[in-house]
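Here is a short report on a ligand site and its surroundings. Please look at the model first, then read on.

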Amino acid sequence: MPKKTKRIGILTAGGDCPGINAAIRGVGKTAILEYGMEVIGISSGFLGLINKEYVVLEEAQLSGIITLGGTILGTSRENPFKKDSIFNSTEKPSLIKKHYDELELDALVCIGGNGTQRTASYLSDFGLNIIGIPKTIDNDVWGTDVTFGFDSALMIATDSIDRLHTTANSHKRIMVIEVMGHHAGWLALYSGIAGGGDMILMPEIEFDTSIMAKYLKKRAINKKPYSIVVVAEGIPCPKNQKAGDFIAEKIQELTGLETRETILGYLQRGGSPSPNDRLLATKYGTYAVELIAQGIYGVMVSSRNDAITAVPLKEVAGKLRTVPPDHPLIQKAMRMGVCFGNCQV
Ligand code: F6P
């Protein structure tokens, strides 16, 4: 009897980011061309498995998508294990299992961030053969050194800080820029340093507004009439305010220096992936299929010291990778006079 061809499903869940299509392409092309597998694209994340909405992906459909931002499969923030007004916490997972069986899937590749990897881990416990692929501009997935999407967002945030520099200098103003990152400060730290920010505020480092004000006033006295303040969206601030607005107001109030704010928002998630993100997403995608070919499931592909490997989903689920406060970049920036809101002036 000829060996049955493996049939794999692929879905993208959570917030989109540049590089997802490169990962879909990596999975799909490797599965079809190298292993002769069939590939089913599930629409709109886990919602597509609940509603049994999918497309059969042919190799030709995967050509020309490496440059595209977003996700050709669509995404959603559906969490099937969350109880809502209609379903209890096992009804949606049971539907997903039913549709997974009806589609005769041998494995399901879940491309997503923290929430997706947690759901992927639960589905693995539920009896599905799962491989996770980490993506997010926040770079906060536990178990990997890097997620694709981060490098592209870093380029956009850095370019934006560069642009703020010129207008800040012309007007001699303080420019506050809020970048994304959820509860982690990776994007603020990296773009803040790459963009030559003077102050970087992130959730991992407690800040003191009076120290901040002193630092900014001292810069003004020391013939540095403008300053760039990079703020992570996840810093503690009043519930009804955006972090960037809150910090800009505080600075203006405490220093009297003219201050403006920019909330970078979804621009950081849109558009074409950077070359590094295309490469990482391709490596993750191809490795995911190699694992499936070997019958290894219940793991997330990951990058450790530049090598692609796999980590059990159980270890990843429910954890968050934040910036260690003793991160070497923080130490280096502090030695160069960058203020993290806690420095003694
Ligand atoms: O997870 C990526 C991210 O961009 C976060 O930085 C941000 O807080 C969140 O998604 C917002 O996304 P949405 O509005 O789509 O939920």
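## Where the ligand lies

The ligand lies between domain 1 (7–149 + 273–304) and domain 2 (152–269 + 325–335), because both give residues to the shell around it. This is a predicted model. The space that the ligand takes is the largest pocket.

## The two domains

The chain is divided into domain 1 and domain 2. Each is made of two segments: 7–149 and 273–304 for domain 1, 152–269 and 325–335 for domain 2. Taken over C-alpha atoms, the domain centres are 34 Å apart.

The domains also touch each other. On the domain 1 side, 13 residues are in contact with 11 residues of domain 2.

## The shell

Which residues surround the ligand? They are Arg77, Thr136, Ile137, Asp138, Met180, Gly181, His182, Glu233, Tyr266 and Arg269. By type, the shell has 4 charged, 3 polar and 3 nonpolar residues.

## Polar contacts and burial

Asp138 uses its side chain: an N or O atom there is 2.7 Å from an oxygen atom of the ligand. Gly181 and His182 take part through the backbone. A polar backbone atom of Gly181 is 3.3 Å from a ligand oxygen. For His182, a backbone N or O atom lies 3.5 Å from an oxygen atom of the ligand.

How much of the ligand does the protein bury? Taken alone, the ligand exposes 400 Å², and the protein buries 72% of that.

Notes:
Residues numbered from 1 in each chain as written. Predicted model: local features only at pLDDT ≥ 70, side-chain atom pairs only at ≥ 80, totals over all residues. Heavy atoms only, no water. Near = heavy atom within 4 Å. Polar contact = N/O pair within 3.5 Å; in protein donor to acceptor, adjacent residues only side chain to side chain. Areas by Shrake-Rupley, 256 points an atom, 1.4 Å probe, with all protein chains shown as cover. 1 Å grid on protein atoms, 1.4 Å probe; cavity = no way out; pocket = protein on both sides within 12 Å on 5 of 7 lines; lining within 4 Å. Sits in = over half its atoms within 2 Å of the grid points. Nonpolar A, V, L, I, M, F, W, Y, C, P; charged D, E, K, R; others polar. Domains from an automatic or database assignment. Contact = heavy atoms within 4.5 Å.
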